[in-house]
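Biologist: I would like to go through the features of this model one at a time. Please give the general idea before each case.

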Amino acid sequence: MGSMARAAVAAALVLVGLASAVTAQMQSCNEELPPKLVGNYSGLACQPVWNNFVLRYHQDKNNVLRIVLSTMYSTGWVGMGFSRDGLMIGSSAMVGWMGKKGLPHIRQFALRGKTSSKVVVDRGFLVSNDHDHTVVVQQAKIYLAFQLKFPYRLTNQHIILAFGPGIPTKNKLSKHQDKTSFTFDFTTGKAVADGSFPYGLRRAHGALNLFAWGILMPIGAIVARYFRRSDPLWFYLHVGLQFVGFIIGLAGVVAGVALYNKIQADVPAHRGLGIFVLFLGILQVLAFFLRPNADSKYRKYWNWYHHWAGRLALFFAAVNIVLGIHVGGGHTSWKVGYGFNLAVILVAVVALEFLLWTRWSKDSTPTPTY
């Protein structure tokens, strides 16, 4: 009976939560518009679409779409983008905010890239009359009201919603704090999560490269430097780890190329570092096949080349992983996870290096070379 009672209580709590959520959504649409908007924006259909965002809309027989987008607000900017393919790049957005002096602002922006310089004010494919745009802040809510003219009647339309914490300065938008994309049917009022953005491909690109260059290859390098007394086991482990890491990293590069071809992301630093690291990785693979004999006079030069090319590859790979997590908008779990992984590797390297130098000071016997 005790377990059944607990189950019943849990079910009741779930039902109460669902009822509260439904009630909150109904109340958000039942709330009256600010008096300033009643004249031009009354009688609109209403639909909660994301978090606290509520979309009111109506398209008349002349294909003029009236929109009122509302959400909770304290400061910063709020935007609604219209996309042809569900992607941010190439879309146009109406963005509104309350200025530092308490003046309302609403402007169209062309989203030509992910950097601030490529988010261009007063550009885009949306046709509108600037005199019909209004921003109202009332009772901790912001209302963006605008009218757009389309050459056809909208049905399924890719929509992007975003908000940022910083008040735009000179019409420059700060990086968004959060965003979403979905397909909205303006005839039925249904919103469906937009699958156009290749989230799986982005995740595969990041996970494969992080595992290869951030875990396997550093471990392979650690084995080669600190465990050479276990000869020849260290050599087979080193070669095996590096080879598997290179194959997985190559798969990550292929995923990255496919991702770039799909979204044309403007990330030159990340791409450039990735190409450089891949080039160093290819040199390391070639080094395995070009390795001279241990007694060759060229062996020391090969060792220098192999050691330093490997260290450079791992260093720039770590930099590029951090950069990739940043430009890819990785969640906190990615940052914390890779930060923890990097910290463990660095602590292990410092401890093993100390032990190695201690052993060298007591034992003058040279360690095997590779």
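Modeller: Start with a term for exposure: a residue is buried under 20% relative accessible area, exposed over 50%, and partly exposed in between (1.4 Å probe, protein chains only). This is a predicted model, in which local features need pLDDT of at least 70 and side-chain atom pairs count only at pLDDT 80 or more, while totals for chains, interfaces and linings use all residues. Residues are numbered from 1 along each chain as its sequence is written, and side-chain values use heavy atoms, with hydrogens and water left out.

Biologist: What is the mean pLDDT of the protein chain?

Modeller: pLDDT is the predictor's confidence in each residue, from 0 to 100. Its mean over the protein chain is 84, with 86% of the residues at 70 or more. Residues 1–27 have a pLDDT below 50, and beyond near neighbours in sequence this stretch has 1 contact (heavy atoms within 4.5 Å) in the model.

Biologist: Which residues does a disulfide join?

Modeller: A disulfide is a covalent bond between the sulfur atoms of two cysteines. Here the term is applied to a pair of cysteine sulfur atoms within 2.5 Å. The structure holds 1 disulfide, and this disulfide joins C29 to C46 with an S to S distance of 2.1 Å. The link of C29 and C46 is left-handed, with -85° about the S-S bond. The pair links distant parts of the chain, 17 residues apart: C29 lies in helix α1 (residues 2–30) and C46 in strand β1 (residues 45–50). Helices (H or I, at least four residues) and strands (E, at least two) are DSSP runs, numbered from the N terminus.

Biologist: Where does the backbone need a second look?

Modeller: Most residues other than glycine have a negative phi, and most peptide bonds are trans. The peptide bond from D231 to P232 is cis, with omega near 5°. P232 is found in the loop between α3 (199–226) and α4 (233–263).

Biologist: Which phi does N51 have, and where is its place?

Modeller: N51 is not a glycine, yet has a positive phi of about 50°. Its place is in the loop between β1 and β2 (53–59). With a relative accessible area of 57%, N51 is exposed.

Biologist: What about D122?

Modeller: D122, not a glycine either, has a positive phi of about 60°. D122 sits in the loop between β7 (119–121) and β8 (127–128). Its relative accessible area is 40%, so D122 is partly exposed.
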